[in-house]
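Try each task yourself before reading its solution.

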Amino acid sequence: MGIKACPYCAEEIQEEAVICKHCKSSLKETDAPKEAGVTTAKSDKAFGAATGFFGGLGCGIWLIIFGLLISLTGIGAIIGIPLALAGLLMPFIAPVMGLAQVSGQCPHCTKHLVASSIKGAVTCKYCKKRVVIDKGKFVRVD
Ligand SMILES: [Zn+2]
Ligand SMILES: [Zn+2]
């Protein structure tokens, strides 16, 4: 039987004591209310940060499913396999594609154009002239 200090009056009491013999305080461990709801809030942040990635992933999964379904038809494998591969890469491609969008004036007619820089060159929908995309800008070629 050990001796401990009473948390209320600091007098020495038996370790097994239920009630302090000095101050008569109850030393029984009461069921402290568990702090519920504190741990659950944490996961929301990570979810928000991952939304961009999983947005692309969700899109990609559909491409994979669609691609695989086409592949099953046999002839469709020619289209289906690259489609499934595109789906796999979608989470990585999607953010890049957003950044690679070029917006600016047509060097021929000065009308506002928006195009994907992946293309390298576009035909202006207003003046029908060819415009090359160079370092994120529309450049005339003639
Ligand atoms: Zn006490
Ligand atoms: Zn133009």
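**Exercise 1.** Find which residues K129 touches, not counting residues up to four places away in sequence.

*Solution.* Start by placing K129 in this predicted model: K129 sits in the loop that links β5 (121–123) to β6 (130–134). Next, look for its contacts: K129 touches H108 and C124. Another residue to look at is C109, whose C-alpha lies 9.0 Å from that of K129, although the two are 20 residues apart in sequence.

**Exercise 2.** Decide whether K129 counts as buried, partly exposed or exposed.

*Solution.* Count the C-beta neighbours of K129 inside 10 Å: there are 15. A buried residue needs 20 or more, and an exposed one has 12 or fewer. K129 therefore counts as partly exposed.

**Exercise 3.** Work out how β6 pairs with β5 and with β7.

*Solution.* Take β5 to begin with: β5 and β6 are antiparallel and share three bridges, with V122 partnered by V131 of β6. Six residues separate these strands in their hairpin, where K128 has a positive phi near 60°. Then move on to β7 (residues 137–140), which runs antiparallel to β6 and is joined to it by four bridges. Here V132 stands opposite V139. The hairpin of β6 and β7 has two residues between the strands, and K135 in the turn shows a positive phi of about 50°.

**Exercise 4.** Sort the side chains of β6 by the face they point to.

Key: Residues are numbered from 1 along each chain as its sequence is written. Chains are lettered from A and ligands numbered from 1 in the order in which they are written. This is a predicted model: local features need pLDDT of at least 70, side-chain atom pairs count only at pLDDT 80 or more; totals for chains, interfaces and linings use all residues. Two residues are in contact if their C-beta atoms, placed from the backbone, lie within 7 Å. Two strands pair if DSSP finds at least two bridges between them.
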